[in-house]
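Subject: Handover of a structure and summary of findings

Dear colleague,

Please find the structure below, followed by a summary of what was found in it. I would be grateful if you would read the text with the structure open beside it.

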Amino acid sequence: MIVVAGEALIDLVPQGSGALAGLKPALGGGPYNTAVALGRLGSRTAFCSRTSRDAFGEALLDGLRRAGVDVSGVQRGAEPTTLAVATIDGSGSAAYSFYVDGTADRLFTAPAALPAGTRALSFGTCSLVLEPGASAYEELMRTAAGQGLFTALDPNIRAGLIPDADAYRARFKSWLPSVTLLKLSAEDAEWLGGTPREWLAAGPAAVVVTRGGDGLTAFTRDGAEHFVPGEKVAVVDTIGAGDTVNAALLHGLSALDALSEEALAALGTGGWTRLLRFAARAAAITCSRAGAEPPFAMELGDL
């Protein structure tokens, strides 16, 4: 079982140009997209979050169920669902404005226990920023690491939600001893101000940096760098592409029986190349269609 912990929200995606273009609601949130992608790839997946009892909250849970994700541990609340208003530029890249005050997901509390058979947990995005939920997710991350579970982190920076950048950067560094796999975009890396080698020295067994169409690089503790180019595709938008990479990495590591620090260290060039190519193919399919629509296993073929 791979558990994805974090927010589920509604993306409001413009259907035309200009500030007053019509907005179409879409299921979203970085952790939510990761869970759906894992389910579509065939991994046993559970979602750990708190969602509203409103119509959007019900739609979010239905989307997880359709992907085969276990939602039995999702907390519920009467508060509204978080909204993210997307803006798509000419290259298909998305930026977001958030409506988060008093919403259900930020009131998450750490569960007393994880699902039976949990091997890995994935964290990231808004859920690690918005209090009081952020502290609860942080507690869960540290507890899981202390139990020897594989932990993955994608900070997926949303700068508009971070009131104190320096405080967040310090907090990010404090998470690293509890992280097995750190995945982040080149833009996130630049915002955070560190380097893969610095982060590896602080805790993770591997760091994967994504550069959109320019590919992915995995950095490991032995000093190696493993690079694969991006898959060429006509980009509709990039919504959910990084989340698809998260899911593909975790699904691939599970398939390779490599959800541990020791197994990551033993992957070698061949294993990392297979894994990164699989993630690049998955992300390319997501970019080829509108919104966060990650691929199904049948669309990707074998690892």
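A pocket is defined on a 1 Å grid over the protein atoms alone: it is an open set of points where a 1.4 Å probe fits, with protein on both sides within 12 Å along at least five of seven lines, and its lining residues have an atom within 4 Å of a point. Grid points are joined across faces, edges and corners, and a volume is the space filled by probe spheres set on the points.

The model is a predicted one, in which local features need pLDDT of at least 70 and side-chain atom pairs count only at pLDDT 80 or more, while totals for chains, interfaces and linings use all residues. Residues are numbered from 1 along each chain as its sequence is written, and side-chain values use heavy atoms, with hydrogens and water left out.

The largest pocket has a volume of about 1,200 Å³. It is lined by 48 residues, and those closest to its centre are Ser185, Glu187, Thr238, Ala241 and Gly242. Helices (H or I, at least four residues) and strands (E, at least two) are DSSP runs, numbered from the N terminus. Among the elements that give two or more residues to this lining are strand S2 (9–14), strand S11 (181–185), helix H5 (186–192) and helix H7 (241–255). The lining of the largest pocket has 20 nonpolar, 17 polar and eleven charged residues. For these classes, Ala, Val, Leu, Ile, Met, Phe, Trp, Tyr, Cys and Pro count as nonpolar, Asp, Glu, Lys and Arg as charged, and the others, Gly among them, as polar.

The second largest pocket has a volume of about 400 Å³. Of its 23 lining residues, Ala26, Ala290, Gly291, Ala292 and Glu293 lie nearest the centre. At least two residues of this lining come from each of S2, strand S3 (23–28), H1 and helix H2 (55–66). By class, the lining of the second largest pocket divides into 14 nonpolar, four polar and five charged residues.

The sheet

Strands of a sheet pair through backbone hydrogen bonds, either parallel or antiparallel. Here, two strands pair if DSSP finds at least two bridges between them. Eight strands form an open sheet with mixed pairing, in the order S4-S1-S9-S10-S11-S12-S13-S14. Its edge strands, each pairing on one side only, are S4 (45–48) and S14 (225–228).

Strand S1 (residues 2–5) runs parallel to strand S9 (residues 120–124), and three bridges join them. Within this pair, Val3 is opposite Leu121 and Val4 is opposite Ser122. On its other pairing, S9 is joined to strand S10 (residues 150–154) by five bridges, again in parallel, with Ala120 opposite Phe150. S10 and S11 pair in the parallel sense over two bridges, and Leu153 stands opposite Leu182. S11 in turn pairs with strand S12 (residues 206–210) in the parallel sense over five bridges, where Leu184 has Val209 as its bridge partner.

Two β-α-β units are found along this part of the sheet. S9, helix H3 (residues 133–146) and S10 make a right-handed one, as do S10, helix H4 (residues 165–175) and S11. A crossover is right-handed if, with the strands pointing away from the viewer, the path from the first strand over the helix to the second runs clockwise.

Burial

Buried means under 20% relative accessible area, exposed over 50%, and partly exposed in between (1.4 Å probe, protein chains only). Five of the five residues of S9 are buried, so this strand is largely enclosed by the rest of the structure. Ala120, Ser122 and Gly124 point one way from S9, and Leu121 and Phe123 the other way. S11 is mostly covered as well, with five of its five residues buried. From S11, Leu181, Lys183 and Ser185 point one way, and Leu182 and Leu184 the other.

Individual residues

Met141, in helix H3, counts as buried at 1% relative accessibility. Its C-alpha atom is separated by 8.1 Å from that of Trp175, 34 residues apart along the chain.

The loop between S9 and H3 holds Pro132, which a cis peptide bond with omega of about 5 degrees joins to Glu131. Thr125 is also placed in the loop between S9 and H3; it has a positive phi of about 65 degrees although it is not a glycine, and it is buried at 6% relative accessibility. Asp257, in the loop between H7 and helix H8 (261–265), likewise has a positive phi, near 55 degrees, but it is exposed, with a relative accessible area of 56%.
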